[in-house]
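Reader: I would like to learn how to read the features of a structure like this one, step by step. Could you show me where to begin?

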Amino acid sequence: MEEVLYNILGAVVTFIVAFVVGMTYGGLTRKITARVQNRKGPPFYQNFIDAFKLASKKTAIHHGVMHLMGPAFLMVSSVMTLLVVPVLSGNNWFPNLNFHGDLIFLLYIMTFGPLGMALGAGQTGNPNSAIGVTRGLSQMVGFEIPWVMALVALMIQYKTTSITGLMDAQAQTGTWLMFSSPFAFIAAVMAMFGMFRYSPFDIVGAPTELASGPVSENGGKFLFVMMSSGSVFTFAKLTLYIDLFMGGASNLVILLIKTFALYMIPVLYGITSPRYRTEQAVRWFWGWPTFFGLLAIIQAVILK
Amino acid sequence: MINDKHSQKIVDYIQNWSRKHSIWVLAYGTGCGAIEIPPTMTSRYDAERLGVRGAATPRQADVLLITGYLTVKTLKRVIRVYEQMQDPKYVIGFGSCTINGGMYYDSYNTINVLDKYLPVDVYINGCMPRPEAVLSGFAQLQKRIAEGRADGAAQYKENLEWYRANQKRIIPNWVMPEYNW
């Protein structure tokens, strides 16, 4: 019983840390974008102000039950991803709720949120939402293939389907998986461009073209839930990458350094790139990333 | 939110502070003043450092920025857009045309005084106002929000019949939905 209480308390702590870190990363992204464009930019805590304002706005929109549940689906998916991913290795404040086969579970749960959001956006009846949803699902079909290939390569090579198993393998050999299976790392990082939806792949939101796509009918508190769920999901995905490929983290400072370094890859690539069209994006993901995914699987089968 | 005068005061203060520093603008760019918005938002004048950024749809926006003259046809759309926005919401009238008609004062199909049809919180005059003037207008709006005096939306609800009568007088075929707040 005591253990359960500790787990619940730890889950709350994990959520708060993920929220704060994700929001701060979002604000830093805006600041860095502004500096690259030779602007002063908003303060790094701008996202917190925006979130508070959105939460304090009144909301008189009702398009139906599914529309109300869309943001909730997103939030549930983010929190479940966060709780399955081990944040710090061997720390009591961050409970390790993972189990055998949680990598396969993650593959499902990470697509669950966007699918729920797609249903919610469909009920609003806004044409921009519908176009955004079809684009998002096409893009997901694109980047899921190299991402799954990278994960399958890891599973074959180390004969385990749990994240802690892969972390143990890295701890035993002393080398990070990004060095011992580099092709899987390259494929996974390329798939990450699609996951974070920064600029060459921001075809879902598509500012000035689709009027923010699936979220175009959502304002105020809906946007607040989506924003916080996005921040939590960002943190969870970055932590997952760190756990899988960069040996995890033993304390919070190392975790922040590693996640921020990894986060800068899609952000900096995005600032300097224009947007792809949908078919270009899908073709990009089915090109080199999938090739590296294939190489990773071949390497895994040979080295097994 | 909370049924206590003093705590309500503190909550209002914090909420107004966050509203003041996070202004999402829906630029209704049919008039010629819309050309002044890109320089205001981009590197030279950088409105984002004040928390001002563009919003994509009326649902997400806080401020409706009406840039320049309004014809009778676009007035109808502006009213639709304004009524889709969520509280608290503000309107900025941009340029001389929204104040007294400007150079289109005797045109047969533009309106002269925007304040008769929508509650305007801040006017920015000039034909057209430069980005410095636009930023000063935003600063004025921030001041009014912080003082809690930017209550155009509340006035619109209170005097809805007066506004509706004015709108219906100028718009010939009225097919808008009727609201009952």
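Author: Let us begin with a definition: helices (H or I, at least four residues) and strands (E, at least two) are DSSP runs, numbered from the N terminus. Read along the sequence, chain A follows the pattern α-α-α-α-α-α-α-α-α-α-α-α, with twelve helices and zero strands. Please keep in mind that this is a predicted model, in which local features need pLDDT of at least 70 and side-chain atom pairs count only at pLDDT 80 or more, while totals for chains, interfaces and linings use all residues. Residues are numbered from 1 along each chain as its sequence is written, and chains are lettered from A and ligands numbered from 1 in the order in which they are written.

Reader: Which elements does chain B contain, and in what order do they run?

Author: Chain B has seven helices and five strands, and from the N terminus on these run α-β-α-β-β-α-β-α-β-α-α-α.

Reader: What does the radius of gyration say about chain B?

Author: The radius of gyration is taken over C-alpha atoms, and the globule rule is 2.2 Å times the number of residues to the power 0.38. For chain B the radius is 17 Å, close to the 16 Å that the rule gives for 181 residues, so this chain is as compact as a globular protein of that length. For chain A, with 304 residues, a compact globule would have a radius near 19 Å, and the chain has 19 Å, which agrees.

Reader: How many residues of each chain count as buried?

Author: A residue is buried if 20 or more other C-beta atoms lie within 10 Å of its own, exposed if 12 or fewer, and partly exposed in between, with C-beta atoms placed from the backbone. By this rule 48% of the 304 residues in chain A are buried, and 40% of the 181 residues of chain B.
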